[in-house]
Amino acid sequence: MIFLNKLFSLVAFVLVLSLSFSCSSQTVSKNKNSSNAKVLPFSDPANEGKWILNTEVSDEFDEKTIDENKWYIVGKFENGKPFYKHPDKPNKKVWKGRAPSQFSGRNYRLEDGKLILETRWEPDFPFSDEIVKPVFGESLPYENITTACLIGRKEFKYGYIEIKSKAADAPVSSAFWAMGEMLEIDFYELYGGTLNPKKEHLDRELWWSIRDWNKPMTGKPTYTEKKDVGFRVADDFHIWGVEWDEKGVKYYIDGKLFSSVTAEEATKWVKENQKEVKLPEDYNGYVATKPISLWLDQEIFPWHDIPKTKEELEHHSPKEKQQDGVVDFEIEYVRVWQKKQ
């Protein structure tokens, strides 16, 4: 009898220990900051694609400062003024932002394990007096509004790209995109808080594109989509995933396939929708075949809204935040996986 009591006690101890270890393991797997957690694409939790995380271009944003070996902060200040020089391409002109807004290196913060990009009502900012003729839209001066821009310093080609974010609830674009050699891929340009009642559909719209910057396209899309996603993009965090390879693009939202395009479909699209451009007969519309670097930024889209006052910029902000002149685009992480070559 004594032996059985001791045996039951031992079994109970082992069960408690096992349960404790199991709970501890679950805690680790839920913690995005844990080095022990194996981070996998939200749309492929079993890793059937055999994805390998590219840590050089991925970022959890859980450190105290931005890793400037990974990101170029556009418009950092020097002697009281923002300067625009890419650390890896010092002779290349750096874009200052879409007027009337201008990129400021002060417009970001790291908070609670997130990167937060800020659009600010800042009339006293030392704006550039340069007036640029944009490829699309009218020429406008830089004034009143500053935004943020971070550019990835490392390139990669093909993979699965994922971001968990919440768009700014304001008449400003919260954008995640990429640039390569004469190539642009706009993963999303989310407009989270229009002021125009006739444009409220923009608050629920995904706009993504592939653009060719070679002539004769000169920045026009070789493929683009504008689709209702079924929710206001500024109301909560969502996970946006893009599987990109030589065959085409698959787009996921919160782990579910939302849209896709093949290389052949992109070529068909551009020939049907860009008839005013004289394209060669053998033109390949799927130009997304070059290495890219990631961009995170905010822009004012003049064709949608231009906030004319601080009150207009903060129209959708909570009452307790409507006097600080700041609206936030929040990013919990950016992750890129690739397949073993």
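1. P216 belongs to the loop between strand 13 and strand 14, and the peptide bond that joins K215 to P216 is cis, with omega at about 10°. The model is a predicted one, and this geometry should be read with that in mind. The loop between strand 13 and strand 14 also holds T218, whose phi is near 50°, a positive value in a residue other than glycine. With a relative accessible area of 34%, T218 is partly exposed.

2. A cis peptide bond also runs from A99 to P100, with omega near 15°, and P100 sits in the loop between strand 4 and strand 5. As for phi, N79 has a positive value of about 55° although it is not a glycine; N79 is placed in the loop between strand 3 (77-78) and strand 4. N79 has a relative accessible area of 79% and is therefore exposed, the cut-off being over 50%. These backbone features deserve a remark because most residues other than glycine have a negative phi, and most peptide bonds are trans.

3. Turning to charged side chains, the count of salt bridges comes to 18. One of them pairs E299 with R98, whose closest N and O atoms are 2.7 Å apart. This pair links distant parts of the chain, since E299 is in strand 18 (residues 292-299) while R98 is in the loop between strand 4 (81-82) and strand 5 (101-103), and 201 residues separate the two. Both E299 and R98 are buried.

4. A salt bridge also joins the side chains of R211 and D186, at 3.1 Å from N to O. Here the two residues come from strands: R211 from strand 13 (residues 205-212) and D186 from strand 12 (residues 183-191), which places the partners 25 residues apart and again links distant parts of the chain.

5. R204 and D228 form a salt bridge in which the closest N and O atoms are 3.1 Å apart. Because R204 lies in the loop between strand 12 and strand 13, and D228 in strand 14 (residues 221-228), the pair ties together parts of the chain that are 24 residues apart in sequence. R204 is partly exposed, with a relative accessible area of 32%, and D228, at 46% relative accessibility, is partly exposed as well. A network of salt bridges, moreover, links R109, E111, E118, R120 and D328.

6. Which residues of helix 2 are buried? In helix 2 (residues 263-273) they are A263, A266, T267, W269 and V270. Seen down the axis of helix 2, these buried residues fall within an arc of 160°, so they line one face of the helix. E264 and K268, on the other side of helix 2, are exposed. The cover over the buried residues of helix 2 includes strand 14, strand 16 (248-253) and strand 17 (256-262).

7. The largest nonpolar core has 61 residues, and those with the most contacts inside it are W240, W244 and L296. Leaving aside residues up to four places away in sequence, W244 touches F156, K157, Y158, G159, I161, I185, V249, Y286, A288, K290 and I292. Another core, of ten residues, lies apart from the largest one, and among its members are Y72, C149, I151 and W177.

8. On overall composition, the protein chain has three helices and 19 strands. Of its 341 residues, 49% are buried. Among the contacts in the protein chain with a separation of 6 or more, 69% are accounted for by residues 24 or more positions apart. The protein chain exposes about 18300 Å², and carbon and sulfur atoms supply 52% of that area.

Methods. Residues numbered from 1 in each chain as written. Predicted model: local features only at pLDDT ≥ 70, side-chain atom pairs only at ≥ 80, totals over all residues. Heavy atoms only, no water. Salt bridge = Lys/Arg side-chain N within 4 Å of Asp/Glu carboxyl O. Helix = DSSP H or I, 4+ residues; strand = E, 2+ residues; numbered from the N terminus. Buried < 20%, exposed > 50% of the residue type's maximum accessible area, 1.4 Å probe, protein only. Contact = heavy atoms within 4.5 Å. Areas by Shrake-Rupley, 256 points an atom, 1.4 Å probe, with all protein chains shown as cover. Arc of directions from axis to C-beta. Core = buried A, V, L, I, M, F, W, Y, C linked by side-chain atoms within 4.5 Å.
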